[in-house]
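Thank you for sending this model; my comments follow as numbered points. They begin with a single side chain and then turn to the core, a helix pair and a helix end.

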Amino acid sequence: MVANGIGNSIANGPDIFGTDDDPELVRDALPFGLKTMESLLQTVPRHRGLLLTACKGFTEYAAAFVQMEADRIEPADYAGANQMRTRALRLYLRARDYGLRGLALKSRGIGTQLQLDPQAAVARIPRTDMALLYWTAAAWGSAISLGKDRAELLADLPAVHSLMERGLNLDEAYDGGSFHEALIVLEAMPAAMGGSTERARAHYQRAVELSKGAKASPYVTMAQSVSVLNQDRREFERLLQQALAVDPNRDPTQRLATLVLQQRARSLLKRADELFLDSDTTRIEDHR
């Protein structure tokens, strides 16, 4: 009873992390919170709210404070950056597994079915599991994006695409177009892996429309995936400047994400000469 009560408080309480304006404070506090959730799940392994919060928490921590840090240190410490990306990959897979456990509470055996018959599997996921659906797909897709050289992960692409398409069919506008935003990353993969920059661009446009320009994430995602892939430096810099122009206080629930992504935008702008072969393009000097 005590574990369930604490789990309910953690899962249903106010989002004190997402509204924070101090990314470093959150970075240092999150590991303790995540391990607390894992300890509680040892006692109440079928607590849906805790499974969702763990899936979301490990995904966000890996993206904001491990993978981004790996990108930041790569120019000076290539080996260290690779180690951090390997850690981020493990965290994404841990998050995915919590998400699949949460989905299995209503759709028994869905983890196995997603790998055997993805379309039939996702058809079983109800609208009430939208958040679990999104964060499971986001964690899984992020792992695949980092592990493009791992055949066992690439084999899971149909499952992730099916989860994303199910989310779009259930509620295209969920969380300001987050499913469209996640699909930008998947579609930015090489054509041989089923990617398409045209489809990525279409998902980007829709994500911006649905978020009404209040989120920095579609701009940063598009810039670091499609713009770099196409070696379009002008678009890259324009998109990152748009991300920097987003007011972190416009949507308090997105405050932390906006601040972290704006840090990422500044870092990417500083690395533009490394990311683009043609360094003659006029650079935007205002990195704010």
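This is a predicted model: local features need pLDDT of at least 70, side-chain atom pairs count only at pLDDT 80 or more; totals for chains, interfaces and linings use all residues.

1. R264 lies in helix α14, which runs over residues 255-270.

2. Is R264 buried or exposed? R264 counts as buried because its relative accessibility is 7%, and the cut-off for that class is under 20%.

3. The largest nonpolar core has 84 residues, and those touching the most other members are L114, W140, L163, M164, F179, F236 and L240. Helix α3, which covers residues 48-73, gives the most to this core, contributing twelve residues.

4. W140 deserves a separate look, as one of the core residues that touch the most other members. Not counting residues up to four places away in sequence, W140 touches L114 and L163 as well as R96, L100, Q115, D156, A159 and V160, and both L114 and L163 are listed alongside W140 among those core residues.

5. Helix α9 takes in residues 157-171, and its 15 residues reach 21 Å from the first C-alpha to the last, close to the 21 Å expected at 1.5 Å a residue. Its buried residues are L157, A159, V160, S162, L163, M164, G167, L168 and L170, and these pack against α5 (110-116), α6 (118-122), α7 (130-146), α8 (151-154), α10 (178-187) and α11 (197-211).

6. Among these partners of α9 is α7, and the two helices pack at an angle of about 145 degrees with their axes 9 Å apart. The crossing of α7 and α9 is left-handed. On the α7 side the contact is made by M130, L133, A137, A138, W140, G141 and I144, while α9 supplies L157, A159, V160, L163, M164, R166, G167, L170 and D171.

7. Finally, L229 belongs to helix α12, residues 217-229, and is partly exposed, with a relative accessible area of 45%. Once neighbours within four places in sequence are left aside, L229 is in contact with A188 and T197. L229 and P23 are 206 residues apart in sequence, and their C-alpha atoms are 29 Å apart in space.

Note on methods: Residues are numbered from 1 along each chain as its sequence is written. Side-chain values use heavy atoms; hydrogens and water are left out. Helices (H or I, at least four residues) and strands (E, at least two) are DSSP runs, numbered from the N terminus. Buried means under 20% relative accessible area, exposed over 50%, partly exposed in between (1.4 Å probe, protein chains only). A nonpolar core is a set of buried Ala, Val, Leu, Ile, Met, Phe, Trp, Tyr and Cys residues joined through side-chain atoms within 4.5 Å. Contact means heavy atoms within 4.5 Å. The expected span of a helix is 1.5 Å times one less than its number of residues. Axes are lines fitted to C-alpha atoms, for helices over the stretch in contact, and angles run from 0 to 180 degrees between N-to-C directions. A crossing is left-handed if the near helix is turned anticlockwise from the far one by less than a right angle, and right-handed if clockwise.
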